[in-house]
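Me: Hi! Could you walk me through this one? I'd like to start with the ground rules.

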Amino acid sequence: DRNLQQIEARTGSYTTMLTSAKESLVSLQQEADKRTKQGLKVFKSLEEDIVEANARIVKLQGDLDNSLKETESVKARYEADKVRYRELKGFTPKKK
């Protein structure tokens, strides 16, 4: 469980950052839509911000996915270690 705490903290951080990035993108898109509806030109800097926000979301989603895979990998590894430990100690599995 201690080994999972760091990974889970990272996963939580990625989740928070991803949520924030998505909210930021929505805000930027709303601003662009508002300007378009008013017949105004969308600033190049705003377009660049939208592209950057999309790229950030893709990166954060990838980081989050990797972190979730790492969590599952650690859980599987430690479960296998527990099974092997029990085998070596001669413990029999409890019947349900």
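Reply: Happy to! Let's begin with exposure: buried means under 20% relative accessible area, exposed over 50%, and partly exposed in between, using a 1.4 Å probe and protein chains only. Y85 has a relative accessible area of 48%, so Y85 is partly exposed.

Me: And what kind of model is this?

Reply: This is a predicted model, where local features need pLDDT of at least 70, side-chain atom pairs count only at pLDDT 80 or more, and totals for chains, interfaces and linings use all residues. Residues are numbered from 1 along each chain as its sequence is written, and side-chain values use heavy atoms, with hydrogens and water left out.

Me: OK, back to rings. How many aromatic pairs are there?

Reply: The count is one aromatic pair. Rings of Phe, Tyr and Trp (its six-membered ring) pair if their centres lie within 6.5 Å; planes under 30 degrees apart are stacked, over 60 edge-to-face, and the rest tilted. Here Y85 and F91 make a tilted pair, with 6.4 Å centre to centre and 55 degrees between the planes.

Me: Switching to helices. At what angle do helix 1 and helix 2 cross?

Reply: Roughly 160 degrees, and the axes of helix 1 (residues 2-37) and helix 2 (residues 44-89) come within 8 Å. Helices here are DSSP runs (H or I, at least four residues; strands are E, at least two), numbered from the N terminus. The axes are lines fitted to C-alpha atoms, for helices over the stretch in contact, with angles from 0 to 180 degrees between N-to-C directions.

Me: Are helix 1 and helix 2 roughly parallel or roughly antiparallel?

Reply: Helix 1 and helix 2 are roughly antiparallel. The cut-offs are under 35 degrees for roughly parallel, over 145 for roughly antiparallel, 65 to 115 for roughly perpendicular and the rest oblique.

Me: Which residue classes are in the contact of helix 1 with helix 2?

Reply: That contact has 18 nonpolar, eight polar and nine charged residues. Ala, Val, Leu, Ile, Met, Phe, Trp, Tyr, Cys and Pro count as nonpolar, Asp, Glu, Lys and Arg as charged, and the others, Gly among them, as polar.

Me: Nice. How many salt bridges?

Reply: Four salt bridges, each being a side-chain nitrogen of Lys or Arg within 4 Å of a carboxyl oxygen of Asp or Glu. One of them joins K59 and D63 at 2.7 Å, N to O. K59 and D63 are four residues apart in helix 2, so about one helical turn separates them. K59 is exposed, at 54% relative accessibility.

Me: What about R84?

Reply: R84 forms a salt bridge with E87 at 3.2 Å, N to O. Both lie in helix 2, three residues apart, about one turn of the helix. R84 is partly exposed, with 46% relative accessible area.
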